[in-house]
Amino acid sequence: MDWRDTIMRYVSAGLLGGITLGDWLRLLRENRFAVSPAYLFRAMGITFCAAQNSVIRRCEDWRYRSRLKNLAVEPPIFLLGHWRHGTTHLHNLMTVDDRFAFPNMYQALFPHTFLSTEWMGSRFIGFFLSKRRPMDNVEWNMRSPQEEEFALCVASLQSPYMCWTFPRQRALYDKHLTMRHACEPDLARWRAAYILFLKKLTLKYQRPLVLKSPPSTCRIRMLLEMFPNARFVHIHRNPYAVFPSTRTTFQNTQNRLQHDGMGDLDDRIFRLYNEMYRVFFEERSLIPKGQFHEVSFERLEEDPVGQVKRIYEALGLPDFGCVEPALSKYVASIAGYEKNRFAELPADLRARIAREWRPCFEEWGYPV
């Protein structure tokens, strides 16, 4: 294991590096201060960072409050899809176009303070960051496009990603996947955190945003309430490929503060997938005509430039010809990328996937 991986696994503040002290103490109380001994250094690091963040956040709020108050956020482009559907690949392709902007890793991890600290903090943390993601071979750095869900997790505490840190409370945090069971104060906090984060990105870049977050797949109604003219791209993938890849992703999270058995991991994957797509199929029809497009991972993999061109045409995005040369160059640069390889699924697991996820097989035409 590389020394950077060791730091990320046991010491780094990770997902909660950008949290404020009040929210951090609230989380600890919510989890009865149950931190496993192996992760005490991580908890200490989070406490130190949280104290700093609280001070810097006050300064940042004071400095930018007037500029952010009436700032309008242009309708974003939301990239939807379950984990391991290829949303990262699609995000990387779409953000080659510099007429759009996106949250990078530092901004997603430090939503309260990035306007003030990114110039220095990104370099410092980037030195300790592993060169590739823990769940696959995708290269990343602090400037890489990242999910806004990380920012929402830190800023609102209303995210299923919180169970990566406190896995013993996964049943509680999984309820935040669709936000349908959230009380009004929690919803208000979530919306306020979302809007503020996007306003900060808009202030920094002055461009429309391309956003990617798997939980957004089952929050279409809420996103349309905030951004009626937003556009959506959904990417799907063969469920037989999605299951083992999702399992590997969930097993390789590096933000834990608790030891916890993974005995029910398969059940959890089935439950989250079913809940996500039950809501997605219910709310998809709410998207106005001309604001939604769907693409398969398999076709995107075969013809990335052609499929992105179709997205531009379907959603009425700016002239594709302006970005096609840069996009072709980027695609050529990742031609040697090798995906994870998994053992053949056991017959009983394959049968369960076919049974429980049948609506998705039928919807997207994958053979059972």
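At what angle do the axes of helix H4 and helix H14 cross?

**Entry 1: helices H4 and H14.** I looked up the axes of H4 (residues 87-94) and H14 (residues 304-315) and found that they come within 11 Å and cross at roughly 75 degrees. That makes H4 roughly perpendicular to H14. I note that angles of 65 to 115 degrees count as roughly perpendicular, under 35 as roughly parallel, over 145 as roughly antiparallel and the rest as oblique. The axes are lines fitted to C-alpha atoms, for helices over the stretch in contact, with angles from 0 to 180 degrees between N-to-C directions. On the H4 side the contact is made by Leu90, Leu93 and Met94, and on the H14 side by Pro304, Val308, Ile311 and Tyr312. Contact here means heavy atoms within 4.5 Å.

**Entry 2: basis of the entries.** I record that this is a predicted model, in which local features need pLDDT of at least 70 and side-chain atom pairs count only at pLDDT 80 or more, while totals for chains, interfaces and linings use all residues. Residues are numbered from 1 along each chain as its sequence is written, and side-chain values use heavy atoms, with hydrogens and water left out. Helices (H or I, at least four residues) and strands (E, at least two) are DSSP runs, numbered from the N terminus.

**Entry 3: helix H2.** I asked which residues of H2 (residues 21-30) are buried, and found Asp23, Trp24, Leu27 and Leu28. They cover an arc of only 140 degrees around the axis, which puts them on the same side of H2. The arc is taken from the directions from the helix axis to the C-beta atoms. Buried means under 20% relative accessible area, exposed over 50%, and partly exposed in between (1.4 Å probe, protein chains only). Among the elements that cover these residues I list H3 (40-69), H7 (148-156), H8 (170-174) and H9 (184-205). After H2 comes Arg32, with a positive phi near 55 degrees.

**Entry 4: strand E3.** I examined E3 (residues 231-236) and found five of its six residues buried, so the strand is largely enclosed by the rest of the structure. E3 pairs with E1 (residues 77-80) in the parallel sense over four bridges, and the bridge partner of Ile77 in E3 is Arg231. E3 also pairs in the parallel sense with E4 (residues 292-296), over five bridges. His234 stands opposite Glu294 in E4. Two strands pair if DSSP finds at least two bridges between them.

**Entry 5: Asn104.** I located Asn104 in the loop between H4 and H5 (105-109). Asn104 is buried, with a relative accessible area of 4%. A polar atom of its side chain lies 3.1 Å from the backbone nitrogen of Tyr106, and one lies 2.9 Å from the backbone nitrogen of Gln107. Not counting residues up to four places away in sequence, Asn104 touches Glu118, Met142, Arg143, Ser144, Pro145, Gln146 and Tyr205.

**Entry 6: helix H11.** Is Thr246 of this helix buried or exposed? Thr246 lies in H11 (residues 239-251) and counts as buried, at 0% relative accessibility. I found its side chain reaching the backbone oxygen of Val242 at 2.8 Å. Thr246 touches His82, Trp83, Arg84 and Ile269, residues up to four places away in sequence being left out. Gln251 is also placed in H11, and is partly exposed at a relative accessible area of 42%. From Gln251 to Val331 I noted 80 residues in sequence and 29 Å in space, C-alpha to C-alpha.

Key: A polar contact is a pair of N or O atoms within 3.5 Å; within protein, one must be able to donate a hydrogen and the other to accept it, and residues adjacent in sequence count only if both atoms are side-chain atoms.
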